[in-house]
Amino acid sequence: MHEVAVAMNVNGQRRQAMVEPRLTLADFIRHRCGLTGTHLGCEHGVCGACTVLVDGAAVRACLMFAVQADGREVTTVEALAGPDGELSVVQQAFRDAHGLQCGFCTPGFVVSLTAFLRDHPDPADDELRGALSGNLCRCTGYQGILNAARLAADAGRTA
Ligand code: FES
Ligand code: FES
C-alpha cells in the first residue's frame, strides 16, 4: 500500500508518521496518537462527536484526511484542561449543569462550544442553540447541554 509522510502538532506535540492517504484525521488522532477522547459516532460528518480544532477552527475529524492536516496545529479535547488537570470553563460548566449522561457526545460538544465562545464571548441563547445544532446527543434531550452552554458563556464573561 502506498503511504505518505505526514507531520503535524497535536496538542503541542510533534507527531509524524507514514500513513495511507485515505486515513482520516480522526483515526490518526485515535490510533496513531492514542488520543481516544475524540470519538467516532457516525463517521460521515453528521454527529459532531469527532470535533477537533485545526489551526483553531472546529472541524469534523472524520471528514478530514490526516494528510490534509499536514503542517497544521491540531487540538483535541485532551488539551482543554489545564496542565494540573483543572477543568476548562466549558468542561466545568458541563459538569456543574449536568450536560451529559453517557458522555459519548461530550468531547464534541465541549470542543465545538470552546471554539464558539472564543469567537462569540457574549452569545444569546438562540446563538448558543445554533452553535451546538451540529452536534447530536442520544441521551440528554439537550436541555442540560444548553444549560451548560449558558453557564459557560456567563462564566467566560465574568472570568
Ligand atoms: S463521527 Fe464525525 S461527525 Fe460523526
Ligand atoms: S450524553 Fe450520551 S450521547 Fe450525549
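Ala81 is partly exposed, because its relative accessible area of 25% lies between the 20% under which a residue counts as buried and the 50% over which a residue counts as exposed. The model described here is a predicted one, and in it Ala81 sits in the loop that runs between strand 5 (73–75) and helix 2 (89–96).

When neighbours within four places in sequence are left aside, Ala81 is in contact with Glu86, Leu87, Ser88 and Gln91. A further residue, Gln92, is eleven residues away from Ala81 along the chain, and the C-alpha atoms of these two are separated by 9.6 Å.

Asp55 lies in the loop between strand 3 (51–54) and strand 4 (57–60), whereas Arg72 lies in the loop between strand 4 and strand 5, so the pair ties together parts that are 17 residues apart in sequence. Asp55 is partly exposed, with a relative accessible area of 46%, and Arg72 is partly exposed as well, with a value of 29%.

## A network around Arg150

Asp125, Arg150 and Asp154 are linked in a network of salt bridges. Arg150 forms a salt bridge with Asp125, in which the closest N and O atoms are 2.7 Å apart. This pair links distant parts of the chain, since Arg150 belongs to helix 5 (residues 143–158) and Asp125 to helix 4 (residues 125–131), 25 residues apart.

Arg150 also forms a salt bridge with Asp154, where the closest N and O atoms are 3.1 Å apart. These two residues are four residues apart in helix 5, which means that about one helical turn separates Arg150 from Asp154. Asp154 is partly exposed, its relative accessible area being 28%.

In soluble globular proteins, nonpolar side chains tend to be buried together. The largest nonpolar core of this model has 23 residues, and those that touch the most other members are Val90, Phe94, Phe109, Leu113, Leu117, Leu128 and Ile145. Helix 2, helix 3 (106–119) and helix 5 are the elements that give two or more residues to this core, and the largest share, seven residues, comes from helix 3.

Leu128, leaving aside its neighbours within four places in sequence, is in contact with Leu113, Phe116, Leu117, Pro123, Ala149, Arg150 and Ala153. There is also a second, separate core of 22 residues, which includes Val19, Ile29, Cys33 and Leu35.

Notes. Residues are numbered from 1 along each chain as its sequence is written. Chains are lettered from A and ligands numbered from 1 in the order in which they are written. This is a predicted model: local features need pLDDT of at least 70, side-chain atom pairs count only at pLDDT 80 or more; totals for chains, interfaces and linings use all residues. Side-chain values use heavy atoms; hydrogens and water are left out. Buried means under 20% relative accessible area, exposed over 50%, partly exposed in between (1.4 Å probe, protein chains only). Contact means heavy atoms within 4.5 Å. A salt bridge is a side-chain nitrogen of Lys or Arg within 4 Å of a carboxyl oxygen of Asp or Glu. A nonpolar core is a set of buried Ala, Val, Leu, Ile, Met, Phe, Trp, Tyr and Cys residues joined through side-chain atoms within 4.5 Å.
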